[in-house]
Structure formats: structure tokens, C-alpha cells
Amino acid sequence: MGLSVKDCFAFTMFGDLFEEDFSFISNNHCGKGKKLKPRDSEPPAPRDFTNLSGIKNQGGTCYLNSLLQTLLFTPEFREALFSLGPEELGILDDSSKPDAKVRIIPLQLQRLFAQLLLLDQQAASTTDLTDSFGWNSNEEMRQHDVQELNRILFSALETSLVGTSGHDLINRLYHGIVVNQIVCKECKNISERQEDFLDLTVAVKGVAGLEEAMWNMYVEEEYFENDNLYRCGACDKLVEASKSAKLRKLPPFLTISLLRFNFDFEKCERYKETSCYTFPIQINLRPFCEQTEMDDSEYMYELFSVIIHKGGCYGGHYHVYIRDVDELGNWQLQEEEDRLIEDKALRDTENAKEEENPLAVLKGILSEEESKQIPVDQLGQKLLEKKGVSWNKKYRKEYGALRKYLQNHPQIFQFSPDENKVGLKEKHKLLFQSDSQGQGCQSPPQKNDVQWNSEKKPTRLWDSSAGCHWFDLNDSKVQPIKEKDIEKQFQGKESAYMLFYRKSQLKRPPEARGNPRYQIPERLLNEMNAANTELQKKRAECDSANHGIDLHLHLSSCYEFNNGALHPSLTWKEGVVDLTIDRRKTLGDLRQSVFQMLESWEGDMILSIAKPLPAGLHLYEILDGDELTLDGIGLADGADIFVWNGKEVGGTKVMAGPDHEPVVINVLRLAEYNEGGKGQHFTESQHVFSCSTKLGDLCRALAPSGGIILKNVSGPDKEAKNWEVFLEEDMKETVKNVGLMDRCSVLILDSHDQSFVDVSSGNLTAFTYDISWLQVKNFCRTEDEEKYVKITATVETVMSDIRMKAIQELQLDKELANDTCLRPVSGNGKLLSPVPEDYTVKEAELKMGSLLGLCRGKAPASTQLFLYFIVGSDQNASPEMEIVVEETASVKECLNLMLEKSGLSGDNWHLRRMDWCYEAGEALSQENATLKELNVCRGDTLVITEGKLPPKGFLKIPIWWFKSSNLMKHGGNARDLVNGMTCKMDALQVSPGGDSPEYFHTDMDLCYAGSIEIAGEASLEDLKMQYVLIWHLLICHVQWL
Ligand SMILES: [Zn+2]
């Protein structure tokens, strides 16, 4: 039963048993998962609500971490360590000096402890410490078992403290003595052998718990008898004897290692004992001691640390449950939080029906009780008295039985140990002092009558009193647990592996309570203060970096409003000031900062959200509500803010908001000249409109002369030639509503371009000049829907082919082929003269893409003329009519046909040409000449004019009678008179038609005497004869008057 044998056994058997199971680690606290996104710049996280520091796992060091935390929470150990000053240990800064004596291990342990106690970080690093052990690789770290490590660490410490006042530190705290005795039955001689220990290793296999194992080791005796006799030195012979072991000296701190790991010799494999193995919170060691006559308090020990192994025997993970003896951590908070949550839920319901809430009602009753706890029955009675109704009647149906209900709210109600009485928990009633507190940690130990029973409950109430704050320290993670949680570690894959007890007599000074700085030397306090200051600074920097947003302030003084948007009057850079501000600050803070930046600002300052749009900077909502945070108003990093007076910029009123967003529209027009025939056939320009502009206004601005506007429905991609005409009803809509957005294209067509557009379908068929087709519109039946077809053609295509194709594509009656013609349609919709069937497109002088009308009537042959004619020269009074005549027809024949067509009769008509100002011009006086001879062309307009033309060869000559009373008186001047009269006669219109000229008065008395018709071949003598004849008639007539 010698411990050394067991130790040896354990060591050789389990030398490298405890490698970490990394598959487990990777998704747990030991893991390296967090290293996936290393952010060196970011300071370590601060402690969480427990206010205790964890220790980082550095790759399989969780057992080390568990042990270090245990030592830290052994206040007597850490204080003894802290008491060693630099005069004994040296200082770490000197460690590189060759002749300096620096005891690195205790110094590193001191520093680590100081960090764990004071440095505001979630987890400390042990790298420096393990370096001081000489462990340079994970391999070296992982090859240790926690029990082994305990010894290695103690041994290393002891070695490094040799020659200092701390040389006996380990011994003082952990050294115990076991005495092994063999008593000879014959001579009663006692053979004794003493053994030192720093920890006890106890069996797990086949034992129910710690007490039973101790009983087996230190109470039961072993007998040498029969064939197994003992050789007594005194008797010098084999004798019967009894063998026993006792604890001769108890250390202040008793460390117990459980032999969870065993070797199955049959299967030849290691295994982990997972059976239930209990251990008490308090243990009385008197039965196991050699001397038993001292006061009970000398034998009482209290559990304060449980190192737990989770996993199998080939690997796993360690963590530790530790009692925070000095109450350094914040253990209440978790329950406090639960309570706050509960209270909130309670308040919520209380608001609705405070009277009805059973929780509120019961709390009310209990808080009024003078005695801290009352029997549950009595509580029911008091409820009936107060509310006039019993629990069962009012609440049972909804909330269940009263006792059950109380049990279901352990945060509020506390039962007495026998569960017959109930009271409010401390937090719910400050005056309430638990009865159980007195029996807590300081409760007198139960007399140990050695009845080891695994089911036996410890005398102390679990989980009930102050000073019993347990935490689960799991590498970086620290969380409060209930004392009762320790029972979970009695058995299973995750179970207790090492137990640490402290002598109950060891009392802590009141100054130490809740004071992590207690007994820490000044130099370490200073070091930690400085480190914390540095951490705070880094966190503040990091914090503001994380919360800082950059805002771009655009100053109105550097902007001007033109072309629908704001533009910087200088360069963009000069008008913008960048400001970094914490997003948690308020708008008021921002305004203050802006005021400070712009010292010379006068008057109102309005901050508006701005956005750079393609058209320029546009303003949106005004930032309002100075008490709101920037985060709250949704101000994002990189936001643009315009600083102005809220009304105008540079004297121009600025309209803000989404309704006034400026839109850049790409305006295309057909190019007038298409040089080279390829490439771009349009010009392009950008125009800015407010999105609230009416489309009609936009049209008037872009196409003032009544052109039409098309949008590209396929979006800004102008390659897709999918154009659509805006409908008339669109004109009242806004630019936004018709879907015109930034960089949308519109195409403006002037009136002469519109033959490119099929208006009925609204499609632009093409907008280039290299079109190879003509459009044909059906004009045959007016009542029909006007239909268009596109007929492919080249300049050599003959008109008749186009017409036949059009009839086919328009799906018209084939008979129409014999009675139709194609007539070009002018820009203003007039049907022009039909094109001869045998003309090519080129001969007909048709532009590609132009519009032709398919009309009733035969097209004139190439020997025929298509003519328009009207009656009289007033076009408005007489409709224009059309006629086809042979070009060889005479003027007379043509006149007759026209008269026939217009329903006129008689021979008092003649034909004239239409002159350039649409008036009757030159008369076609040669009645028998052919139209071709007179150069009458296709499409000419002739005018039927009233009046007869003189017979062929006759001229109609007007005769003017000149009478002058002075003629005889001034005979010498006759020549002058004739000359003057000749000039006047020249001024008179003498036309072949011989119209009666108006009589006009001059200073010479001229009198129209009628006209003489005379053959063109007649001589001047003949004319004179006629003249004299008239003259005589006139004289006589005058005389008779
Ligand atoms: Zn003997």
C-alpha cells in the first residue's frame, strides 16, 4: 500500500497518456479556431461580467491552466509567492545579463498571477511562464499529466527558490507525512517507516468515494498471517503482524489525485474509471490520522478546487471548478441577470394586472413577514386572508399547486432545508437573512463517526451562502456555477480528477475579501496599472476606429447651382471637408463640430443629406433632431452632407428631395451629314432635367418645332435600337413617371425625319440613311385602318415590283394590281403624283426609307402625264383635281378633258400654268400644241381660266387713245409728246391674252379705246387702217355727245 509504489506505477503507466485530443479541442475552448482571423491591432477583450481572468490555451495547456488557476485561488500560496521581493528573486529585466541572478520561474509566476488578478483582459498568456520552464514546443507541453505537472511545477519552484526565504514555500503549504507501521503480534515491536507527500493518490476502482478510499488506506489494517508472515527484526523470526498506515502530519492544503486511469491487464489496455465516485465539500480527517486527540477544527478540510478531466484515457480536456475564497469574482451577476429578466417579465404583467399576478401577490405577503420563512401552508392561509380567495380557487387551474409554483421560481423563493418553509431570497428582501448562512462554510463539522456512505449528504446546504462562490475556469472562459454543480463531476466521461482541500481553520483577513490587490507588491501593482492604462487607451482607439464614421461636408460657399444640380465652383476637393466622428454621438455634437470647423459661419446652419448624382450634387432630407445619435438617424460611413442655409446657394433657390432629383438624359438627333456612310448617324448631347419635369415641357425644350421624341426602352444601351414613341398622354406625366432615368437616351426627330418612324406602332424602324427599303401605306380604302408595310428595295428596283409586293404584304385583293399606283407622300402628308410603273426608284427620285401611298387608279405610263388642275386661281375655292393625259395631247384636248372632269361646259375657257406663287401664270395659248411641246411636266398644276384666247395667229392689241388739248397750240413740241407717250405705252401691259387693262389716270389723258384683233402676220399698214377706222368712229361719236 506504499504510496511510492503507486506513484511509480502511475508514472510509468501513464507517462504519455495525456496528450490532448485535438479533434475535440478544435471546436471548444482549447481550440485554435479564434486564431482564424488574427487582428493584431485589436487589443485583447476585457474581462466579462465575472471579472475574473481566464488563461489562453496555447495548444494543449489546459491542464496547466487548471493547475495555475488552482494555485492562484490558493490565497496563501499566491501571497507567499508575492512576498518574495526582487532582492531575493532579481528582476526579469536583468535576465539577459550574464552575471545577474534572476529566478525566472517565480518571477514569471508572480507576474502571471498579478495579470490574472488585475489586468483587464479576458485571458492571460502563459507563454513567458512555460518558456521559463524550458518548454519550447507543444510537444513538451503536451507530454505532461496534470498530477505530474503539479509535482514538476512544485519541484521547479522549490529548486528556483533555494536560498531564498521562499525555499520552504511548497513544504509549508503542501507537505504532509504518512506513517506506515507494522506491529509484531509477539513482541509488540512497532516497525515504522515515514513517507513525505505533497499529494495523495487514492484509488477509484471498486470504491464508492473518497471517504471509503481513505478508510481503506488509513483505517483498515492488513494482517500478516498463515503462510504470509512478517519477519520481525526484534524477534528475528517470521511472526504474525498487522500493518497500517496513518496520516502523521496534515498539510494546510491537501491535494488528492484520483486514480481514474487504470490498466486492464487482461485486455492489455488503458481505461478510464467512469464509475460514481463521491467526495464531500467538507471532510474530517481525524479518523485517518495518527493523533486524534486534538480539537475537531484541526481535522476539518474544505474543498476549494476540482480539476476535471473530460474525455477518454487517450486524450481530452481539463477544466477546473474553483471556489473563490476571497470573493474576487462577480458571482452574483448571473443570478442577478436572471432576476432582472424575471422582474421585467413581472413588471410587464404587473402593469396589466398587478393584483392578479400570483408572483407579485406572494412576494407581497412574504415581504411583510417578520419571520424570514413561513410554512407553505401558512402562506396559503395568508393569501386567503389578504385576497379573500384561496390559491386553489384562483390560481391553481392556471399556475398549478402552490408548492410547485414556489419551487418553479427559485430565483425568488427559497425553501428551508426540509422544504416545509418558504421565504424570499435575499435579493428580493434585503432584511431577509437566511438561516442557512450560519451553517455555511463556517458550520461546525459534523462529528465523523466513520459511516461512509456514498449517498450521505454533506451537512452544509449546497449552494446557499455567501463565501461559496464557485466558478468554472475553462481556459479563456470563466463562468459562475452553483456548488451543487460539482456533484455532476462525480462520475462519467467528464469527472473529477484532482481534488484540492484547504484546512477549514485557515481564515482569510477581511481586507482580502473582494480585494484582488491585496498583498500584491507595489512594483507589480504599478506594472499592472500601466498595462491597464495602455489597454484602455488601445481599446478607446480601437473603439473609436470601429465606431468612427467619415463624413464628407460640402460647404455651400464652395458650390453653385447650375444645370439642375449643385457643382463645386472650384474643384471638388476644395469644396469638401472630411470629418471623422463617433457614430454614437448625437446630431447636436456633429453640428457643434461643424460650427467649430467653420468659425466664420453666420446665420442658420442646415445640414442636408447630399448625394452625388451624374448630374451633380443633389440634396435630400434635412438632418433634424439634435438629440438623436448619428447611428440612430442612419448616417453611414462616407455620407455626404451639405452645409447651407437651407434656402439657396449662390442666390439660386435649391429644390431638395427625391422629387427634384436631376436626371441626365442623353439626347440623340439624326446627323445631317453622314460622312462616309458608316458609323454614327446621330449626334449626341446631354441635358439635365428635374425628374418632376413634365414630359411635354421636356419635348418643347428639346424639339421646339414639333418634332417627335422617342425613348429607348431597352435602357441606356443605345446599341439596341428599340425605340418607342412617347404617346400623347405621356406628355402630362413627369420624366420620372415615364421611366426616364439617368443616362436614358431619347431620340429627337424633326418633322422631315419622321418617315423613319412607324407612328402607329411607335417604332423607329431605323435611324440611319443607309436604309434599303421603302414604306408603303394603303390609301385604297379610307375606312380601313391605315396599314404600313416595309418593302425592301434598291435604287434599281422597278416601281411595279414594289407595288405588287406591297399589295401582297398588305394582303389586299389581287384585282387591285390592275387599278393601283404608288404615289410618294410628302412631309405634310400630300399624295404626290404617281410614279410610272416602269420607273426605277432612282428614276423616280425617291429617297430610301420614304413613304409611298398605294392609291386607286392606274399609274401614268411613261408617255403620259399626271397633272393637277384647278378652276380659277383661288385654290381655296376650287378643289385640286388630278388627271392623266398623253403627253402628246394638245392643249385643247387637255382643256376639254379637264372641263369634262370638273363639269364645266362652253368654250369660254383657256389653260394657264400655275406660277411659282400658286397663281395663274402664263397662258397656254397654242391650243393645238402638244403638252410635250409646251414642256408641261408630270406633277404640274394647270389652271382653267375663264375667257377666250384669240384665234390662232391673231394678236389682241389694246388701243389707247391719247387726247391732248394742247396738241395744236404747241405744234413745235409734237416730237416730245410722241416720245412721252411711247414711254407710257411701254408701261402698259401688253399681253398676248389682251386683257383689258385698267384705266389709270396719268397727267396725260389716255383713254382706252378697246382692242384690235389682228393676225400676227399683218403689216403695220394694216394695223393703221384698222386704227383709223376706229378713230373716225370715235370722233363722230364724241362730236355727237
Ligand atoms: Zn517481534
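1. In what order do the four strands of the open sheet with mixed pairing stand? In this predicted model, the order is β39-β38-β41-β40. The edge positions are taken by β39 (788-792) and β40 (820-824); each has a single partner strand, so one side of each is left without a neighbour in the sheet. From one strand to the next, the twist averages 35 degrees.

2. Within this sheet, β38 (residues 773-778) pairs with β41 (residues 851-856) in the parallel sense, over four bridges. Val776 has Leu852 in β41 opposite. Helix α23 (residues 799-809) packs on the sheet and touches β38, β39, β40 and β41. The direction of α23 makes about 135 degrees with that of β39.

3. The zinc ion has as its protein donors the SG atoms of Cys184, Cys187, Cys232 and Cys235, at 2.1 to 2.4 Å. The site is tetrahedral, with angles of 99 to 115 degrees among the four donor atoms. The spacing of the donor residues in sequence is C-x2-C-x44-C-x2-C.

4. Cys184 counts as buried, at 0% relative accessibility, while Cys235, at 26%, counts as partly exposed.

5. Helix α13 (residues 358-367) is largely enclosed by the rest of the structure, because eight of its 10 residues are buried. The buried residues of α13 are Pro358, Leu359, Ala360, Val361, Leu362, Lys363, Ile365 and Leu366.

Key. Residues are numbered from 1 along each chain as its sequence is written. This is a predicted model: local features need pLDDT of at least 70, side-chain atom pairs count only at pLDDT 80 or more; totals for chains, interfaces and linings use all residues. Side-chain values use heavy atoms; hydrogens and water are left out. Donors are N, O and S atoms within 2.8 Å of the metal (3.2 Å for Na, K and Ca); water is not among the atoms, so sites may look incomplete. Four donors count as tetrahedral if all angles lie between 85 and 135 degrees; four count as square planar and six as octahedral if opposite donors are over 155 degrees apart and all others between 65 and 115; anything else is irregular. Buried means under 20% relative accessible area, exposed over 50%, partly exposed in between (1.4 Å probe, protein chains only). Helices (H or I, at least four residues) and strands (E, at least two) are DSSP runs, numbered from the N terminus. Two strands pair if DSSP finds at least two bridges between them. Axes are lines fitted to C-alpha atoms, for helices over the stretch in contact, and angles run from 0 to 180 degrees between N-to-C directions. Contact means heavy atoms within 4.5 Å.
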